[in-house]
Amino acid sequence: MGGSHVDQVPGISANHAMDELLENLQSPDRCLEMDGSELREVLETVLRRLIPHVDSFDTQLAWEPPQAGARPDGSLPNDSSDWEGVIRELFEDHLFPAYNPASGGYMAYVPGGGLLHSAVADLIANAVNRYVTVWQAAPRLAELEAEVVDWFRQLAGLPDTGGGYLTTGGSLANWSAVVTARACRLPEDFLDGMIYTSDQAHYSAIRAARMAGFPAGNIQVVESDAEYRVSLDLLQQRIEEDRQSGRRPFLVVGHAGTTNTGAVDDLLELARICQQQDLWFHVDAAYGGAFLLTGRGRALLQGIEQADSVTLDPHKGMFLPYGTGCLLVRDRQDLHRAHAVDVDYMPEMQDDPYRVDICQISPELSRECRGLRVWLPVKIHGLGAFENYLDEKLDLAQFAARELETIPGIQILAPPQLSILAFRLAPEGLDMEALNEVNREFLERINRATQRCFLSPTSLNGVFSIRICIIVFRTHLEHVQHCIDVIRQAAAELLADR
Ligand SMILES: Cc1ncc(COP(=O)(O)O)c(C=O)c1O
């Protein structure tokens, strides 16, 4: 009966005798199993391209306008190719044009930089391919990752009941924070729960709330003050109004460095309000959190240590390549409450708080050993090196602001609280719409002048504003000086053309 069933499956026949099967199995395809000498050869091929790329970071453009390549013909890549050719194609056809956050002239958006140490760490992590989200599957690497998270917990000043895990970025950390707050503060039927943040919030906080199941009407976007910090009076007013109308306030998302201007909310006051009102206090420190390594950052971010949860983003302020964020919580049991599920087919999970099963405190199961890409550069250089680089970025932002003040027609819209500032050109006699148009043109001229400095725009209360964000570790005085020279010249030309 079983034999006749097999007979009907194309390609498998009863006549496919055991000895034929065994013969086939004697000589399987092993081409995917790279051995050590092939790996060395491949790495040499890659390094012949990668090393000149790395050595030219300083002369590479900070950005190029986007341009699509030839559309693929859609055929499946069934044939093999040689390494030399494929790596050549990658380096020659796919790396450029691009925005180049690895270059010192990149001061747009919130870039990272991409420590090469972490690239080496990723190579090792992927080559050994350990399963780190279950403690017993790779105890020492799981402990290494937990150690990295604990460094961050200490940095944020959270108590030793705290914990956390490494995410792929700030957006995912914000989402997991909202899910955790929801699980810990609201009943299963949570649709009357209200979330509060500022009009300067990164959109990932709003998306996090939506992805956690809250309709848009459950998210109160509270206006910010003249320094782009959330207005505490308006926040309290909204909370009060919502309570009176029978809604259930449960979460405030504060900011330790907004994306637009780097503004730091009054975290001490926010913590006090949250405590008084019994609300979960989340701090989005994706941009600003790394500055906790500096004395100035610690002073400005006071109050973060009272948060229930904190988003950090080491692929920004700790200069890692993209792919590493972090969520910290004040009580690690809260992450467990929100994420843990027990099933029969998994290995036994740990009770000991120092043996972290990452899969029980996060939404991911199979993933790379993310901790290694933080651990390796920190072990090699120590946190002091990061502090020095971050202090330099704070100084560079102050330098940029002072230089901008000397350029005729420039108005500083947001002086640096950390390492972001915003400005515009404000010739007299123009209404807001005309000024916005002038500044669109101004930014275009700045970015196109040499393509060795790249800035990005934002809107501050409807005002088209140009941001400088200094956080790439390769950005030094010469890059900022060049940027200022470009701005000075573009401003003079634009004013002369009018
Ligand atoms: C304040 C803030 N929060 C969250 C994010 C999102 O982080 P990611 O891009 O790592 O998802 C950003 C990104 O720039 C940010 O500036």
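Start with α7, the element that gives the shell around the ligand its largest share, three residues. The model is predicted: local features need pLDDT of at least 70, side-chain atom pairs count only at pLDDT 80 or more, and totals for chains, interfaces and linings use all residues. Residues are numbered from 1 along each chain as its sequence is written, and side-chain values use heavy atoms, with hydrogens and water left out.

**The ligand shell**

Select residues 170-185 for α7 and residues 314-317 for α12; each of these helices supplies at least two residues of the shell. Helices here are DSSP runs of H or I with at least four residues, strands are runs of E with at least two, and both are numbered from the N terminus.

Now show everything around the ligand. The shell has 14 residues, and the closest are Gly170, Ser171, Asp284, Asp313 and His315. Coloured by class, the shell shows two nonpolar, nine polar and three charged residues. Ala, Val, Leu, Ile, Met, Phe, Trp, Tyr, Cys and Pro count as nonpolar, Asp, Glu, Lys and Arg as charged, and the others, Gly among them, as polar.

Zoom in on the oxygen atoms of the ligand.

- Gly170: a polar backbone atom is 2.8 Å from a ligand oxygen.
- Ser171: an N or O atom of the side chain is 2.5 Å from a ligand oxygen.
- Asp313: a polar side-chain atom is 2.6 Å from a ligand oxygen.

Of the 390 Å² of accessible area that the ligand has on its own, the protein covers 86%. Such areas come from the Shrake-Rupley method with a 1.4 Å probe.

Next, select Leu25, in helix α2 (residues 18-26). Is Leu25 buried or exposed? Leu25 counts as exposed because its relative accessibility is 62%; buried means under 20% relative accessible area, exposed over 50%, and partly exposed in between (1.4 Å probe, protein chains only).

Then go to Leu123 in helix α5 (residues 116-128). With a relative accessible area of 44%, Leu123 is partly exposed. Draw a line from Leu123 to Thr180: they are 57 residues apart in sequence and 32 Å apart in space, C-alpha to C-alpha.

**The whole chain**

Zoom out to finish. The protein chain has 17 helices and eleven strands. Its C-alpha trace spans about 90 × 55 × 45 Å along the principal axes. Of its 498 residues, 46% count as buried.

How values were computed
A residue is near a molecule or strand if one of its heavy atoms lies within 4 Å of it. A polar contact is a pair of N or O atoms within 3.5 Å; within protein, one must be able to donate a hydrogen and the other to accept it, and residues adjacent in sequence count only if both atoms are side-chain atoms.
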